[in-house]
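Please look through the sequence and the model shown here. The paragraphs after them go through the two chains in turn.

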Amino acid sequence: MSASVGVAPVRRSMGPGRWLRSLRYYVPAVAVFFATIVAWEVIVGAANLRAFILPRPSVIVAALQENWSGGQYAILPSTQATLFEALGGLVIGTVAGVLVAFATARWASARAALLPLAIAAGAVPIIAIAPLMNNWFGVLSPLSKMMMAAVLVFFPVMVNVTRGLVQVDPAALELMRSYAASESEVLRKVRVPNALPFFFTALKLGATLSLIGAIVAEYFGGSSLVLGRIIVQSASALRFDITWAAILLGATAGVVVYLIISAVERAVIPWHASVRAADS
Amino acid sequence: MPDQPVVHLAGVDKVFARGDQPVTTALEGISLDIAQGEFVSLIGPSGCGKSTLLRIIGDLTGPTRGEVIVNGKPAEQARRDRDYGMVFQAPVLFEWRTVEDNVKLPLEVMGASAERRSQRAAEMLQLVELGEFLKHYPWQLSGGMQQRVAIARALAFEPAILLMDEPFGALDEMTRERMNSEVLRIWEQTGTTVVFVTHSIPEAVFLSSRVVVMSARPGRITDIVDVDLPRPRNEDTRESPRYFELVTAVREALRHRDSGESGGGAGAGDAGLASAERTMAEGAVG
């Protein structure tokens, strides 16, 4: 009878124009990045700032080349080691956070007991527990750094996933009730899909936090071929060009992990508003 | 069992008592029988408990007192037997499911075969004239189309009763009139018994075989208007003298009550009561 009751314009991601559009999307960011590097180089050179205050980008790149894979400050193996610790911590913290979230979402009493505690524990300065982790899991073992990262990752994952499992449209629950659906069906068909966007938000947050956790834990001792040690030792030797090079690689590792998680997110929840908005 | 009503309500009361708040009598002494294949509307001012009554019929909440028999069994059993198709004011579609998968949802829960799920989803979406939108996501559809998906979903498992809670309240007048015609067409094709909550008098008259008029605080049935407009009804029906007479009759039935009732204060409306109830239910489940 009336096939056209308010047909909304249908958005579809088109094949050919898509790359061009995403390229155009990234151009401003890339341009600003390179402009900053050039300005940095020029201004530091012109102002004749001493290298130990702020080394020029070209000096940092040179330090990176010089210490790439060998010597006391071998940056590549150090980055790999730190990344390994961070990713290990990310996995441990995420698994633990998701498990506890499911428990707190399932049992209201567990939620009442754990959530305030978790939020309070999340506020403890992480530096305070790094020596404890080294003590418990071995100062030389990467596990002590992983646990440090895991502690940082755990809280946002747990809090966000709990929220995603619990904050479900009440009408959706009534709908499932009218189907006489079991609790496990409600969990699988409503709560878990609802929690997925929350989970990815937490995971992206966790990617950054896990690197911070690993590097901070490294400050307190352990293997010397890790980014945290390189940063501490090069700084005390006034080799700030190497310090900056280590920071640069740490940041790069963080960005790469973040981008990978974003890509997975797009693949897993293409329907979510955040992903849709980024696509158009 | 041709004589047995599909819905039988006898002396139903609903009282809300929440913490230190004063007790609210949402419904008082509701008795009503709805026959197989009827289209019954519940109409009344905000706070008259019409949504609560619908939720009691559908066993989304229980009555404080009284008897609720659906298809010859208690409402809870009827719900467990999947006798109800629900349509709410919001479409409540899952954004992670395509239109087709949303319609399949109840069939999945009820354990229908994959073949039957696809077949029913296709049929139902054909019925609501969204056959070409199977693979779309809800956010790609307009509000009216989303609500039609919700109707298709409610009908997918062939429930004995369709319960609709102000399903078109959020739509503009033109879309709403078109949706009304669609609902009538679907009702005539499927023969499902429909209980329909609305606050629109023209909508109630146009759709219903009977309009149940309710008053607020406490919610009571004050009048039942038989709508004897010939079927099938169409756009011409809306312009017939009898239609206007019946609209006037319902309006007067509503007004009578209003002049009789004074005070009571501006309490929570239907939605307020319903959401309070939901919060309580959720607390108990979660």
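This is a predicted model: local features need pLDDT of at least 70, side-chain atom pairs count only at pLDDT 80 or more; totals for chains, interfaces and linings use all residues.

Residues are numbered from 1 along each chain as its sequence is written, and chains are lettered from A and ligands numbered from 1 in the order in which they are written.

Chain A has 11 helices and 0 strands; helices (H or I, at least four residues) and strands (E, at least two) are DSSP runs, numbered from the N terminus. The radius of gyration of chain A is 24 Å, well over the 19 Å that the globule rule gives for 280 residues, so the chain is more spread out than a compact globule. That radius is taken over C-alpha atoms, and the rule is 2.2 Å times the number of residues to the power 0.38. Along its principal axes, the C-alpha trace of chain A spans about 75 × 50 × 30 Å.

Of the 280 residues in chain A, 36% are buried. A residue is buried if 20 or more other C-beta atoms lie within 10 Å of its own, exposed if 12 or fewer, and partly exposed in between, with C-beta atoms placed from the backbone. In helix α7 (residues 170-178) of chain A, the buried residues include A:L173, A:E174, A:L175, A:M176 and A:S178. Just after α7(A), A:A180 takes a positive phi of about 55°.

Two packed helices are described by the angle between their axes and the distance between the axes. Axes are lines fitted to C-alpha atoms, for helices over the stretch in contact, and angles run from 0 to 180 degrees between N-to-C directions. Helix α3 (residues 75-106) and helix α8 (residues 183-219) of chain A have axes that come within 8 Å and cross at roughly 140°. α3(A) and α8(A) are therefore oblique to each other; angles under 35 degrees count as roughly parallel, over 145 as roughly antiparallel, 65 to 115 as roughly perpendicular and the rest as oblique. Among the residues making the contact are A:G89 and A:G93 of α3(A) and A:G206 and A:A207 of α8(A). By class, the residues of this contact are 8 nonpolar, 7 polar and 3 charged. Here Ala, Val, Leu, Ile, Met, Phe, Trp, Tyr, Cys and Pro count as nonpolar, Asp, Glu, Lys and Arg as charged, and the others, Gly among them, as polar.

α3(A) also packs against helix α10 (residues 240-268) of chain A, at an angle of about 40° and with the axes 10 Å apart. This contact is made by A:I75, A:T79, A:T82 and A:L83 of α3(A) and by A:A245, A:A246, A:L249, A:G250 and A:A253 of α10(A). It has 6 nonpolar, 3 polar and no charged residues.

The contact between the chains takes 32 residues from chain B and 28 residues from chain A, where two residues are in contact if their C-beta atoms, placed from the backbone, lie within 7 Å. On the chain B side, α6(B) gives the most, with 4 residues. That side has 15 nonpolar, 8 polar and 9 charged residues.

Chain B itself has 9 helices and 10 strands. Buried residues make up 48% of its 286 residues.
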